[in-house]
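Here are my notes on the model, as numbered points. Please read them with the structure open.

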Amino acid sequence: MKIETYEKAYLALGGVTLTAALLVLLYTSVGMDLHLPTRVAEVDPATVRTTPPFDQPGLRQTGPGQYEAVMLGQAWAFLPQEIRVPVGAEVTFVATSPDVIHGLLVAGTRVNLMLIPGQVSRQTYTFRRPGEYAIICHEYCGLGHQGMVGRVIVE
Amino acid sequence: MSAATVYDPAGFALPDAQKRFLRWTIYIGYGALVAGIFHGLANALSFANINILPYFPRLRGYYQGLTAHGVANVLVFTFAFSNGFLPLMTARALSRPLVSWLVYATFGALLLGNILVVYAIVTNQASVLFTAYAPLQAHWTFYTGLVLVVVSTWLALGNMLTVLGRWKRDHRGERIPLLAYISVVSYVMWALASLPIAVDFLGLLIPWSLGAFGGLVDPLLTRTLFWFTGHAIVYAWLLPAYVSWYALVPRQAGGVLVSDPLTRVVFILFLLLSIPTGFHHQYTDPGISEQMKAFHGVLTFGVFFPSLATAFSVVAALEIGGRRRGGRGLLGWVVRLPWGDPSLVAQMLAMVVFVFGGITGLINASFTMNQIIHNTTWVPGHFHMTVGTAVALTFVGVAYWMIPYLTGRALWGRRVALASSWLYTIGVLIFARGMISAGLQGMPRRTFQVQAGYRSPEWELGGALTGIGGTIMFIGILLFFVVMGMTLLVGKKGAEPKDIPVTRTITAPSLTGWQPHLDRIGLWVIAAIALVLIAYMPFFLTYAPRFISPGFKLF
């Protein structure tokens, strides 16, 4: 019957499309070196404020054009509140939370991290456009959640 | 060779007492739908920088209201509907009454659960949103109430399985009628999927909220258990809608369903693939390896496949209906579909919106692309087109025949009902367009934008569309409520549909070959468990639980 032929062709086309999309994703990950956060390290949220490197949140240069931004997201602020880097800087965000779950989104970039108490989040991003980027907490963390904001200044 | 999807197409009526309790169970759902949309409106308007919360009589807190909206509309509405709808479908398909005490117990557990949850939310002891991420800590009544809602779904499944077991005992060697099969498999999938969240709530969050474990909790573990259930839960909401699309909608459109075996295969694929996909909600989480996330990503693409098959089957059934009604040419059949039937129209509009919901969902699952949109308003833009329309508008459409069927009162206000569905659809498309575009520009979800310490001018258009679309959706659902209320009050007695819309299939189920194996649901459950273990064991074997976080009540 005709409809069964259509059905098979449609499902085959669907399967091929899904597989093709997966291959593109594989390429973005392996070929373009874009990665998701992974298991990095554990900390104790009770003592994290006195545990290196989180005892001194801030920006450190780790190489030519390379920086590490150690950050704490806590109710309801980021420490540090502001980061200044030159255009083209490759910044590795290393962050965690001492209290509840927070988010760390650098608006307009693919820096998008959950900050979970006890876990260290890490993501690297190269800032190629100059300007001011908001660092937004994008996970509900209590009454003051909407005020939790920092910024990255690329100059 | 066409075949029935129920055991006895001639008809079957449930005992009145069972009908009454199923009706009340479903009323809790529609009640929750209406209760939740006021905060839905407030949320939508807040993205347009308008704050109407000060005018509310109670629950003026934004996050308190967002919790109420989420719990009422995605947890209570969906499961209350399914607790009534799926047992009703099973009983009708098998021409057997349900087990009365289980019908009452399902209703009782749901009601008690709701009382506890409403208490916790209204007294502002549970403004943790429906995801309830620890270490934000809610009152024990919140967690316990939600557990009772889940228990009510188990009781409903127990009822369906008992009835099915009795039917099989009397009909050895026969295939399970399709409508019963897909109804049961839907809730079997959910029962399996609900186990991690049961462990999470019963084993961790409830004791913790009562002071156990030294008052400490493991945030990553509880979050992972939540999402272990949390993706399959969306299929638990969706599959009852699919039951209607496969087994009832073809009849309503004057068509037939093409294939019995393909329909069963689709539901088995959902049973197998819905659960081992949860890490795609945790792509941006620390503490979970990238390889495991990738594996879940591939399986999430896999679970898209049965939905593709569904699109084909359902549209084919509609086309057959349209052609039987005189439709000609490539698209002429669309025009000839019964566009005056509010039940069918609501569900067809739900399907149209679901196309966009499905595509945006695939983007969510797309690994690196997810980093652009995770926790932005893109995500609620997406799920208001899936659970918020494909599911909700289907449940609305089903109400237009099911409430008359269960109450004996004919539907009041056919035109109002049609207007409700069209308004809602137009509204949600505007709303989702706003949320999705603003989300791509980085507007965070779950954030009280009116008081935000930041606001990008780029978000103004998206925020305004969100507010406009949300308002239209709100009016649409209010009209639905008017139709339901008037039907119950003044609907004409005795003019109701006397049976559910029963579809036939072109390809009948086979008694030989591989097909009868599809009916061995228990074996498929074992296969599903095996796949779940493969997908989740690498995490649980390498993660030692750490009770490290005290509870925080920051609301």
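**Notes on the two chains**

1. Burial in chain A. Of its 155 residues, 39% count as buried. Keep in mind throughout that this is a predicted model.

2. Make-up of chain A. The chain has one helix and ten strands.

3. Domains of chain A. The assignment gives domain 1 as 1-34 and domain 2 as 48-154. How far apart are the C-alpha centres of domain 1 and domain 2 of chain A? They lie 37 Å apart. As for contacts in chain A with a separation of 6 or more, 58% are between residues 24 or more positions apart.

4. A cis bond in chain A. Leu79(A) and Pro80(A) are joined by a cis peptide bond, with omega about -5°. Pro80(A) sits in the loop between strand E3 (77-79) and strand E4 (82-85) of chain A. For context, most peptide bonds are trans.

5. Make-up of chain B. Here the secondary structure comes to 19 helices and five strands. The radius of gyration is 23 Å, close to the 24 Å that the globule rule gives for 555 residues, so chain B is as compact as a globular protein of that length. The C-alpha atoms of chain B fill a box of roughly 60 × 50 × 45 Å, again along the principal axes.

6. Burial and contacts in chain B. Of the 555 residues, 60% count as buried. Contacts between residues at least 6 apart in sequence were also sorted by separation: in chain B, 87% of them join residues at least 24 apart.

7. The contact between the chains. Chain A puts in 51 residues and chain B puts in 52. Which helices of chain B each supply at least two residues of the side that touches chain A? They are helix H7 (219-230), helix H11 (290-324) and helix H14 (367-373). H11(B) gives the largest share of that side, ten residues. By type, the side of chain B that touches chain A divides into 29 nonpolar, 16 polar and seven charged residues.

8. A helix pair in chain B. Two packed helices are described by the angle between their axes and the distance between the axes. Take helix H5 (residues 178-193) and helix H10 (residues 260-273) of chain B: the axes come within 9 Å and cross at roughly 10°. Angles under 35 degrees count as roughly parallel, so H5(B) is roughly parallel to H10(B).

9. What that pair is made of. The H5(B) side includes Leu178(B), Tyr181(B), Ile182(B) and Val185(B). Among the H10(B) residues they meet are Asp260(B), Arg264(B), Phe267(B) and Leu271(B). The residues of the contact of H5(B) with H10(B) divide into ten nonpolar, two polar and two charged.

10. Thr229(B). This residue is found in helix H7 of chain B. Is Thr229(B) buried or exposed? Thr229(B) counts as buried because it has 23 C-beta neighbours inside 10 Å, and the cut-off for burial is 20 or more. Leaving out residues up to four places away in sequence, Thr229(B) touches Ala193(B), Ser194(B), Pro196(B) and Ile197(B). Thr229(B) and Gly278(B) are 49 residues apart in sequence, yet their C-alpha atoms are 7.1 Å apart in space.

11. The loop between H3 and H4 of chain B. Check the backbone here. Ala132(B) is found in this loop and has a positive phi of about 50°, although it is not a glycine. With 23 C-beta neighbours inside 10 Å, Ala132(B) counts as buried. Pro135(B) lies in the loop between helix H3 (100-122) and helix H4 (140-170) too, and the peptide bond from Ala134(B) to Pro135(B) is cis, with omega near 10°.

12. Phe213(B). Most residues other than glycine have a negative phi. Phe213(B) has a positive phi, near 55°. Its place is the loop between helix H6 (195-209) and strand E2 (216-217) of chain B. Phe213(B) counts as exposed, because it has 12 C-beta neighbours inside 10 Å.

Methods. Residues are numbered from 1 along each chain as its sequence is written. Chains are lettered from A and ligands numbered from 1 in the order in which they are written. This is a predicted model: local features need pLDDT of at least 70, side-chain atom pairs count only at pLDDT 80 or more; totals for chains, interfaces and linings use all residues. Helices (H or I, at least four residues) and strands (E, at least two) are DSSP runs, numbered from the N terminus. Two residues are in contact if their C-beta atoms, placed from the backbone, lie within 7 Å. Domain bounds come from an automatic or database domain assignment. Ala, Val, Leu, Ile, Met, Phe, Trp, Tyr, Cys and Pro count as nonpolar, Asp, Glu, Lys and Arg as charged, and the others, Gly among them, as polar. Axes are lines fitted to C-alpha atoms, for helices over the stretch in contact, and angles run from 0 to 180 degrees between N-to-C directions. Angles under 35 degrees count as roughly parallel, over 145 as roughly antiparallel, 65 to 115 as roughly perpendicular and the rest as oblique. The radius of gyration is taken over C-alpha atoms; the globule rule is 2.2 Å times the number of residues to the power 0.38.
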